[in-house]
Amino acid sequence: MKKILILLIAASIASCSIAQIDLDKIKKQGEKVLKDATKGTALSNDEVVRGLREALNIGSTNASNLGSKVDAYYKNTQLFIPFPAEAQKVATKLREIGLGKKVDQFVLTLNRAAEEAAKEAAPIFLTAVKGMTITDGINIVKGADNAATTYLQKNTNEPLKIQFKPVITRALAKTNATKYWSELITTYNKVPGVTKMNPDLAGYTTQRAINGLFVLISAEELKIRKDPAARVTDILKKVFGNG
């Protein structure tokens with residue numbers, strides 16, 4: 001913009017005699033050119049928020065679609081859901097008594113439950129972002145490459161757990177994870193000398209499944225910020241193409 005103003009002044013000086021030069025007038029003309037050149041490029045607050053909601057809309061939907069694919073959790077080290085940490089001694093003891101295959105089968109069905117539940121995740125996330133404020137939006141646009149994901153995670157984690165847990169509970173039953181868990185924990189609790197356990201399987205799987213979806217959403221956000229081809233709507237091009 002400064003180059004435009006300098007060129008304008010130079011052109012004006014070249015076309016005038018020294019006596020005719022009116023620097024104040026030239027400055028005003030230059031400012032008018034700059035104003036006209038930048039007119040309409042600034043983002044309104046409403047556009048910022050709409051752009052971010054659109055980004056989270058697309059990111060959440062893509063994450064839900066990716067997470068619901070077979071092996072999306074099971075074969076992805078970033079998403080994989082292991083045997084509950086607080087119940088690792090259960091897995092160890094069961095392997096010792098020859099039930100290793102059943103433990104592995106249970107872990108597989110646990111991840112299948114997360115993949116099944118991911119199909120229903122997108123609408124839950126979309127409902128959660130409706131409360132985004134203008135200040136939130138501006139901070140996210142100016143923030144780190146995962147700022148929108150971080151905002152979503154910070155502000156929606158607890159409500160999401162409440163809404164997502166029934167989804168996970170149904171998925172655990174559908175994939176037989178609940179059945180396998182009941183068999184494993186019952187067998188373990190019958191072993192002489194062990195402390196009986198019964199961790200909250202649905203609560204554990206719910207949080208791990210949500211964490212995995214946030215990993216996918218973060219990757220989708222990064223694509224929208226960095227890859228012009230990922231900005232598939234006009235508002236995304238305007239909000240994320242200004243940098």
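**Salt bridges and accessibility**

Reader: Why is Lys 226 counted as exposed?

Author: Lys 226 has 55% relative accessibility. Exposed means over 50% relative accessible area, buried under 20%, and partly exposed in between (1.4 Å probe, protein chains only), so Lys 226 counts as exposed. The model is predicted: local features need pLDDT of at least 70, side-chain atom pairs count only at pLDDT 80 or more, and totals for chains, interfaces and linings use all residues. Residues are numbered from 1 along each chain as its sequence is written, and side-chain values use heavy atoms, leaving out hydrogens and water.

Reader: What makes the contact of Lys 226 with Asp 145 a salt bridge?

Author: The closest N and O atoms of Lys 226 and Asp 145 are 3.6 Å apart. A salt bridge requires a side-chain nitrogen of Lys or Arg within 4 Å of a carboxyl oxygen of Asp or Glu, so the pair qualifies. Lys 226 lies in helix α10 (residues 201-226) and Asp 145 in the loop between α7 (134-142) and α8 (147-174), so the bridge ties together parts 81 residues apart in sequence. Helices (H or I, at least four residues) and strands (E, at least two) are DSSP runs, numbered from the N terminus.

Reader: How do you know that Glu 115 is buried?

Author: Its relative accessibility is 2%, so Glu 115 falls within the buried class. Glu 115 forms a salt bridge with Arg 112 at 3.0 Å, N to O. Arg 112, at 23%, counts as partly exposed.

Reader: Which residues are linked with Arg 112 and Glu 115 in a network of salt bridges?

Author: Asp 71 and Lys 75 are linked with them in that network.
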